[in-house]
Amino acid sequence: SCSGGLELLCDSVKIHKVNINFPNESDILTMKDLLSWVRTNVIKERPEMFMKGDTVRPGVLVLVNDCDWELSGQLDTTLEDKDVIVFISTLHGG
């Protein structure tokens with residue numbers, strides 16, 4: 001889910017239900033894997049507005065099942081089937 005203006009980078013679609021194959025024959029999917037997948041498959045333009053390097057830009061709040069990802073390990077957060085990930089931009093242009 002993208003909100004706070006980020007949906008403009010996702011063809012104005014706010015909610016995406018995605019199926020992601022596990023990377024590298026692993027049975028663990030992390031937020032780092034998800035962000036890489038989102039950058040490749042969901043964001044249609046200006047990925048630099050969403051990501052910086054391997055992680056989200058400063059000012060993008062990430063919630064995993066309504067919890068701040070900083071409490072669950074950020075990029076190392078392990079994702080389960082049916083987890084809900086929300087990206088919220090806290091930066092507003094004027």
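I take contact to mean heavy atoms within 4.5 Å. The model is predicted, so I keep to its limits: local features need pLDDT of at least 70, side-chain atom pairs count only at pLDDT 80 or more, and totals for chains, interfaces and linings use all residues. Residues are numbered from 1 along each chain as its sequence is written, and side-chain values use heavy atoms, with hydrogens and water left out.

**Entry 1. T77**

I looked up what T77 touches. Not counting residues up to four places away in sequence, T77 is in contact with L29, T30, M31, V64, W69 and S72. I then placed T77 in the loop between β6 (67-68) and β7 (78-79). Strands here are DSSP runs of E with at least two residues, helices are runs of H or I with at least four, and both are numbered from the N terminus.

Is T77 buried or exposed? I found a relative accessibility of 4%, so T77 counts as buried. The cut-offs are under 20% relative accessible area for buried, over 50% for exposed, and partly exposed in between, with a 1.4 Å probe and protein chains only.

I also noted a polar contact of 3.0 Å between the side chains of T77 and S72. A polar contact is a pair of N or O atoms within 3.5 Å; within protein, one must be able to donate a hydrogen and the other to accept it, and residues adjacent in sequence count only if both atoms are side-chain atoms.

With a relative accessible area of 17%, T30 is buried. Leaving aside neighbours within four places in sequence, I list L75, D76, T77, T78 and L79 as its contacts.

T78 is in strand β7 and counts as partly exposed, at 42% relative accessibility. Beyond four places in sequence, T78 touches I28, L29, T30 and D83. I also checked T78 against K32: they are 46 residues apart in sequence and 9.2 Å apart in space, C-alpha to C-alpha.

**Entry 2. The whole chain**

I stepped back to the chain, which has one helix and eight strands. Along the sequence I read the pattern β-β-α-β-β-β-β-β-β. Of the 94 residues in the chain, 31% are buried. Among contacts with a separation of 6 or more, 54% are between residues 24 or more positions apart.

Which residues of helix α1 (residues 31-41) are buried? I found M31, L34, L35 and V38. They cover an arc of only 100° around the axis, which puts them on the same side of α1. The arc is that of the directions from the helix axis to the C-beta atoms. The cover over the buried residues of α1 includes β2 (29-30), β3 (51-52), β4 (55-56), β5 (60-64), β7 and β8 (85-89).

Next I looked up the largest nonpolar core. Such a core is a set of buried Ala, Val, Leu, Ile, Met, Phe, Trp, Tyr and Cys residues joined through side-chain atoms within 4.5 Å. Of its 18 residues, M31, L34, L35, F50, V56, I85 and F87 touch the most other members. I note that α1, β5 and β8 each supply at least two residues of this core, and that α1 gives the most, with four. In soluble globular proteins, nonpolar side chains tend to be buried together.

**Entry 3. β5 and β8**

β5 and β8 run antiparallel, with five bridges joining them. Two strands pair if DSSP finds at least two bridges between them. Which residue of β8 stands opposite L63? I found V86 there. Four of the five residues of β8 are buried, so β8 is largely enclosed by the rest of the structure.

**Entry 4. More accessible residues**

I turned to the loop between β5 and β6, where N65 is found. N65 is not a glycine, yet has a positive phi of about 50°. With a relative accessible area of 38%, N65 is partly exposed. D66 lies in the loop between β5 and β6 as well, with a positive phi of about 70° although D66 is not a glycine. At 69% relative accessible area, D66 is exposed.

Last, I looked at K52 in strand β3. K52 counts as exposed, at 52% relative accessibility. Apart from residues up to four places away in sequence, K52 touches R57 and P58.
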